[in-house]
Amino acid sequence: MPSVDTGAPARTGASPERFPSSPRRISLALFAVGLATFALLFSTQPLLPALSADFGVTPGQASWTVSAATIALAVAVLPLSALSERFGRRALMTGSLAVAVAVAVALPFAPSLEVLIALRALQGAAIAGIPASATAYLAEEVRPAALVGAIGLFVAGNSVGGMTGRVLTGWVAEGWGWRAGLAAVGVLALLCALAYRLLIPRAHNFTPASLRPAELLNTVRGHLSDGLLVRLYTLGLLFMTVFGAVYTVVGYRLTSEPFGLSQGLAGSVFVIYLVGTVASAAAGRLTGRLGRRGALYLAIGATAAGLLLTLGDTLAAVLLGLVLVTAGFFAGHAVASGSVGRTAKTGRAQASALYQMAYYVGSSLGGTLGAIAYHAAGWSATVAFSLTALVLAAGVTLYATRRAVVQRRLAVARTC
């Protein structure tokens, strides 16, 4: 899910006349669009076992129905963030949601896996317009006093959508097949899109800017030359690699022996996402007590412990492991994504977009490679792959710790 950094400077003493629209109405509109976005983005994830069975393909091949969407989103989010500066946040969100819902209507009729993957890629590219515009729209159209609450409700819509879409498709698919599951999510997204369109007010504070590709490239180049930002992007990629691998493959794990759960029950495991809402909220307090790197070490440790628990052959051990993996991931993601906005001094919208690119590349890598590992050697191979990503994340954090220690020593030496 996207970082909550607005990409805009704080406003002080803002006149109420600048913000005539109801913040509650705006918040509800963005909640609806956030719910639709994440219900659609990962809609095929709980259906992978059914897709494998129907099309006669491996988990790795089926996982491309998820990875194609997230890769396309990662590629499209930066250029679409630039387009939102020229044509407006509201216009881009409306167009993006319309295309994504139209593709959702077509998905149940896909005649082959290849067509399904192509449509999912198109859907992911369309969805990229939402995170590229939503927080900037809120920053421009909501009074400063109501901004944090409005962004919080948008992020809540992301979490609820991600959970609801997965659970809904799992239960509907159990009774009527995966095509009906995708149709159900399409209907949910259509209703959300209608609610969004009825609620969203026109922009009052947007000022179009001309497109300057050279300026955008210079900003991106500057962010990619900042060592701290690059480490934060890498951490986002690695955390999401683990999360993508686990939740792409867990359906296969739970529908196989020794568990043998039904499609609906296996899909219900995504209710554990609610743990992520709590963990994200707690990340700020953890950072205050332990520092950024201390919070990251704790998140990495919790995720690793959860992965090891999922190796057990009891359902209770697997579910407890998934709780720890989910809590650790969301805490680590919240720390890393929140730090991006504080680190970038200029071009914060582009800095946030680069984090989202890394984040969704990680989702794609984790989903595909985790599924390939599972097909090759079972759940233990997926866990080993995920633990490798966590070791790399720990290495990045350790490097940052050692670098900070050296810098402190040099600062002390200069004052002596």
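Is Ser364 buried or exposed in this structure? Ser364 is buried, with a relative accessible area of 4%, where buried means under 20% relative accessible area, exposed over 50% and partly exposed in between (1.4 Å probe, protein chains only). This is a predicted model, in which local features need pLDDT of at least 70 and side-chain atom pairs count only at pLDDT 80 or more, while totals for chains, interfaces and linings use all residues. Residues are numbered from 1 along each chain as its sequence is written, and side-chain values use heavy atoms, with hydrogens and water left out.

**Overall architecture and confidence**

- The protein chain comprises 16 helices and 0 strands; helices (H or I, at least four residues) and strands (E, at least two) are DSSP runs numbered from the N terminus.
- Of the 416 residues in the protein chain, 53% are buried.
- Contact means heavy atoms within 4.5 Å; among contacts between residues at least 6 apart in sequence, 83% join residues at least 24 apart.
- The mean pLDDT (the predictor's confidence in each residue, from 0 to 100) is 83 for the protein chain, and 85% of its residues reach 70 or more.
- Confidence is highest in helix H6 (residues 113-127), at a mean of 95, and lowest in helix H7 (residues 134-141), at 72.
- Over residues 2-16 pLDDT stays under 50, and the model has 34 contacts beyond four places in sequence for them.

**Nonpolar core**

- A nonpolar core is a set of buried Ala, Val, Leu, Ile, Met, Phe, Trp, Tyr and Cys residues joined through side-chain atoms within 4.5 Å.
- The largest such core has 109 residues, and Leu30 and Tyr247 have the most contacts inside it. Helix H11 (residues 227-255) gives the most to this core, with 15 residues.
- Not counting residues up to four places away in sequence, Tyr247 touches Gln45, Phe270, Ile272, Tyr273, Leu322 and Thr326.

- Helix H4 (residues 64-87) has 24 residues and reaches 32 Å from its first C-alpha to its last, close to the 34 Å expected at 1.5 Å a residue; the expected span is 1.5 Å times one less than the number of residues.
- H4 has a kink of about 40° at Val77, shortly before Pro79, the bend being the angle between axes fitted to the seven residues ending there and the seven starting there.
- Ser364 belongs to helix H15 (residues 348-377) and, leaving aside neighbours within four places in sequence, is in contact with Ser67, Thr70 and Ile71.
- A polar atom of the Ser364 side chain lies 3.2 Å from the backbone nitrogen of Ile71.

**Other local features**

- Trp171, in helix H8 (residues 144-176), is partly exposed, with a relative accessible area of 40%.
- Beyond four places in sequence, Trp171 is in contact with Gly264, Leu265 and Ser268. The C-alpha atoms of Trp171 and Pro46 are separated by 9.6 Å, although these residues are 125 apart along the chain.
- A cis peptide bond, with omega about 10°, joins Glu257 and Pro258; Pro258 is placed in the loop between H11 and helix H12 (263-267).
- Leu387, in helix H16 (residues 379-415), is partly exposed, with a relative accessible area of 24%.
- Leaving aside neighbours within four places in sequence, Leu387 is in contact with Ala304, Leu307 and Leu308. Leu387 and Leu307 are 80 residues apart along the chain, and their C-alpha atoms are separated by 7.5 Å.

How values were computed. Polar contact = N/O pair within 3.5 Å; in protein donor to acceptor, adjacent residues only side chain to side chain.
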